[in-house]
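Open the model in your viewer and keep the selection panel at hand. The stops below are meant to be taken in order.

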Amino acid sequence: LYTPGSIFKVITTVSALQNVPDIRSFTFTCTGEADVDGVKVTCPDVHGEMDFAECFTNSCNCAYAMIAQKVGKTNLQNTTNQFGFGKEFDFGNTHTKPSSFNVSGASAGDLAWAGVGQYSTLVNPYNMLTVAGAIANSGQAVLPFAVSSVVTPSGDIVEQTEVQTVEYVSPGIADEVAGMMRTNVTDKYGDEKFSGLSMCGKTGTAEVEDGKKPHSWFIGFSQNEKCPVAIVVIIENGG
């Protein structure tokens, strides 16, 4: 389990689209820091004035601290449950630890940091891979598996894995977030880094304990029909 950092903003964005009717008209002016009930939330950059989609592309912590307040604790908790938090998954002979999100006792400042993927939130990379896959697949997460089939030398199928899908989010919202993740790559990360893939993605820099470099994350998926894959990458203490 790892602190997710800004890859969690994908989930906060979905929750906002589901629960805040006027979120698409949300605007925010980032000065580099924001005060939420006495708790300081900081950004590495001063982003200036942004609309909702630009807050996501710029991965603005200050904006997402405010978006989390609009969403509220109950709604954000429900959305994480919707995305498989709290559940164990099987992958071959491996059993994943469940991702955890709990803001029941959180202050407004705690909720602000939870909305940007910090606070006490911990995620399993497998779980975050299914999140990326669900956004790619119009809301339907395809659960990864290790072996598709077992076949004898003569070609008889001894065992066939039944592909499982789980609906995480509605098609409309999934497709909207997919478009925002595509903009991240074209406008922020650089399409040339993913040549020919029509990549959609979200980076994350997850602050960990003092004295250690943050974890580096990327979740995303290719919209190229010849390469329909979702990916998750974490570099432990990658900076």
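The tour goes from a helix to a loop residue, then to a pocket and to aromatic rings.

This is a predicted model, in which local features need pLDDT of at least 70 and side-chain atom pairs count only at pLDDT 80 or more, while totals for chains, interfaces and linings use all residues. Residues are numbered from 1 along each chain as its sequence is written, and side-chain values use heavy atoms, with hydrogens and water left out.

**Stop 1: helix α6**

Select residues 125-136, which make up helix α6. Helices here are DSSP runs of H or I with at least four residues, strands are runs of E with at least two, and both are numbered from the N terminus. The expected span of a helix is 1.5 Å times one less than its number of residues. For the twelve residues of α6 that gives 16 Å, and the end C-alpha atoms are 16 Å apart, which agrees.

Eleven of the twelve residues of α6 are buried (under 20% relative accessible area with a 1.4 Å probe, protein chains only; exposed is over 50%, partly exposed in between). Among them are Tyr126, Met128, Leu129 and Ile135. Now show α1 (9-19), β5 (90-91), β7 (140-142), α7 (171-189), β12 (215-222) and β13 (230-235): the buried residues of α6 pack against these.

At the N-terminal end, select Asn124, which caps α6 with a side-chain oxygen 2.9 Å from the backbone nitrogen of Tyr126. After the helix comes Ser138, with a positive phi near 55°.

**Stop 2: Gln118**

Go back to the loop between α5 (108-115) and α6 and select Gln118. Is Gln118 buried or exposed? Its relative accessible area is 12%, so Gln118 is buried. The side chain of Gln118 reaches the backbone nitrogen of Glu207 at 2.9 Å. Beyond neighbours within four places in sequence, Gln118 has contacts (heavy atoms within 4.5 Å) that include Thr3, Trp113 and Thr205.

**Stop 3: the largest pocket**

Select Ser6, Pro44, Ser59, Asn61 and Thr205, which lie nearest the centre of the largest pocket among its 21 lining residues. Two or more lining residues come from each of α7 and β11 (199-206); β11 gives the largest share, four residues.

**Stop 4: aromatic rings**

The structure holds nine aromatic pairs (Phe, Tyr or six-membered Trp rings with centres within 6.5 Å; planes under 30 degrees apart are stacked, over 60 edge-to-face, the rest tilted). Select Phe26 and Phe28: their ring centres are 6.4 Å apart and their planes at 10°, so the pair is stacked. Both Phe26 and Phe28 are buried. Finish at Phe8, Phe85 and Phe101, which form one aromatic cluster.

Note on methods
Polar contact = N/O pair within 3.5 Å; in protein donor to acceptor, adjacent residues only side chain to side chain. 1 Å grid on protein atoms, 1.4 Å probe; cavity = no way out; pocket = protein on both sides within 12 Å on 5 of 7 lines; lining within 4 Å.
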